Amino acid sequence: MRLGLSCGFFGQGRDEENLALARRADELGVDVVWAAEAYGPDVVSVLAWIGAQTERIGLGAGVMQIPARTPAATAMAASGLDSLSGGRFRLGLGVSGPQVSEGWHGVPFAKPLGRTREYVDIVRLALEHRPVAYQGEHFTLPLPDGPGKALRLTQVHRRQIPVYLAAVGPKNLQLAGEIADGWLGVFVAPDYFAEQRTEIEAGLARRAQPPASFDTSATVALATGPDLEACARTVSPYPALYLGGMGSRKQNFYHQLACRMGYETEADRVQDLYLERRWAEAAAALPPQFVDDTSLLGDVDRVTERMRRYADAGITTLTVAPWGADGNARMEALETAVEAHRRLGTRPADAP
């Protein structure tokens, strides 16, 4: 099991801390650093900034939003980042949610599975230097009856860039297994992952030729220290935001995930409080078991034991998102995670 680092969203006053974490992770041999985008700084700019100041660590878009760019623009950015970084880039894609897709980007959210499938098809056409000609329900290239031509990506690029899908629901998990090189998961609990893996494997079974490897990458919140309750309080605003505020009351994929994991009543309560802007109460209402099951909390011995559960469950990349009161606390958490990973006796493997 490889170890990754998530720096989450940039532009929130901690960019220098995030860069320091990425540089330290690079020094410590962490496999990949992931960055995200919503409706703040874009992930392409962030990864270019990180890539210019690191040497070996993989650069993961976790994720580039599908409604934010045409497939061709995504292929151009992916090829540029990969070439400039010496082959370190990994392309994570996701449809975001209806509020961001329609409210921020002005792109309809309907039929996200079909749109994702076509989008990945076109991105791969471009990255494989084939003429980008496509006739689909959602995308038609070139546009008919016009001057457009089926163009090829001009950049010389020979490496196959791995494509990941961020997937939460069962059908999207199947799609990840069917068309991607890896899966990006959040709020992954070792005991529940078996159900998610079943969906991924159903998608993998649809392929004419199964891939040599498929990366199951789980992002988990990380807070370290001797006081387990304090660690849980440190990270609880993170799941509260997603279960309560990442989407509408009727369409929140993370809330639905918590319900499938057996926390329906509690997830409803968190959502009610969050939508009433009672954010601290929403975080406090999270079941301690949910927070513990989907996070790495405690001292190095406990973090090691929890990491082992993820490895035993079949997670191939465990990406830690350090939480803490300041940059020093987050750095200590990262170094604790690296030590715990070392204790597992695993060695870094080649990225897909």
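This is a predicted model: local features need pLDDT of at least 70, side-chain atom pairs count only at pLDDT 80 or more; totals for chains, interfaces and linings use all residues.

Angles under 35 degrees count as roughly parallel, over 145 as roughly antiparallel, 65 to 115 as roughly perpendicular, and the rest as oblique. The axes of helix α6 (residues 170-179) and α7 cross at roughly 45° and come within 6 Å, so α6 and α7 are oblique to each other. The crossing of α6 past α7 is right-handed.

Who touches whom here? On the α6 side you'll find Pro170, Leu173, Gln174, Gly177 and Glu178, and they meet Gln196, Glu199, Ile200, Ala202, Gly203 and Leu204 in α7.

Now for the rings. A pair of aromatic rings is described by the distance of the centres and the angle of the planes. Searching the whole structure turns up 15 aromatic pairs. Two of them are set out here:

| Pair | Centre distance | Plane angle | Type |
|---|---|---|---|
| Trp183 and Phe193 | 5.8 Å | 20° | stacked |
| Tyr242 and Tyr254 | 4.9 Å | 90° | edge-to-face |

Take Trp183 and Phe193. Trp183 belongs to strand β8 (residues 182-186) and Phe193 to helix α7 (residues 193-204), so this pair ties together parts that are 10 residues apart in sequence. Trp183 counts as buried because its relative accessibility is 0%, and Phe193 counts as buried at 0% too.

As for the two tyrosines, Tyr242 is in helix α9 (residues 237-245) and Tyr254 in helix α10 (residues 253-260), so they link parts that are 12 residues apart in sequence. Both Tyr242 and Tyr254 are buried. They also belong to one aromatic cluster, together with Phe187, Tyr238, Tyr263, Phe290 and Trp323.

Phe187 brings us to the backbone. Most residues other than glycine have a negative phi, and most peptide bonds are trans. Phe187, though, has a positive phi near 50°. It lies in the loop between β8 and α7 and, at 2% relative accessibility, counts as buried. Lys111 also has a positive phi, about 55°, without being a glycine; look for it in the loop between α4 (98-103) and α5 (112-127).

Where are the cis peptide bonds? One joins Gly62 and Val63, with omega about 15°, and Val63 lies in strand β3 (residues 58-65). Another joins Leu141 and Pro142, with omega about -10°; Pro142 is in the loop between β6 (140-141) and β7 (163-166).

Note on methods:
Residues are numbered from 1 along each chain as its sequence is written. Side-chain values use heavy atoms; hydrogens and water are left out. Rings of Phe, Tyr and Trp (its six-membered ring) pair if their centres lie within 6.5 Å; planes under 30 degrees apart count as stacked, over 60 as edge-to-face and the rest as tilted. Helices (H or I, at least four residues) and strands (E, at least two) are DSSP runs, numbered from the N terminus. Buried means under 20% relative accessible area, exposed over 50%, partly exposed in between (1.4 Å probe, protein chains only). Axes are lines fitted to C-alpha atoms, for helices over the stretch in contact, and angles run from 0 to 180 degrees between N-to-C directions. A crossing is left-handed if the near helix is turned anticlockwise from the far one by less than a right angle, and right-handed if clockwise. Contact means heavy atoms within 4.5 Å.
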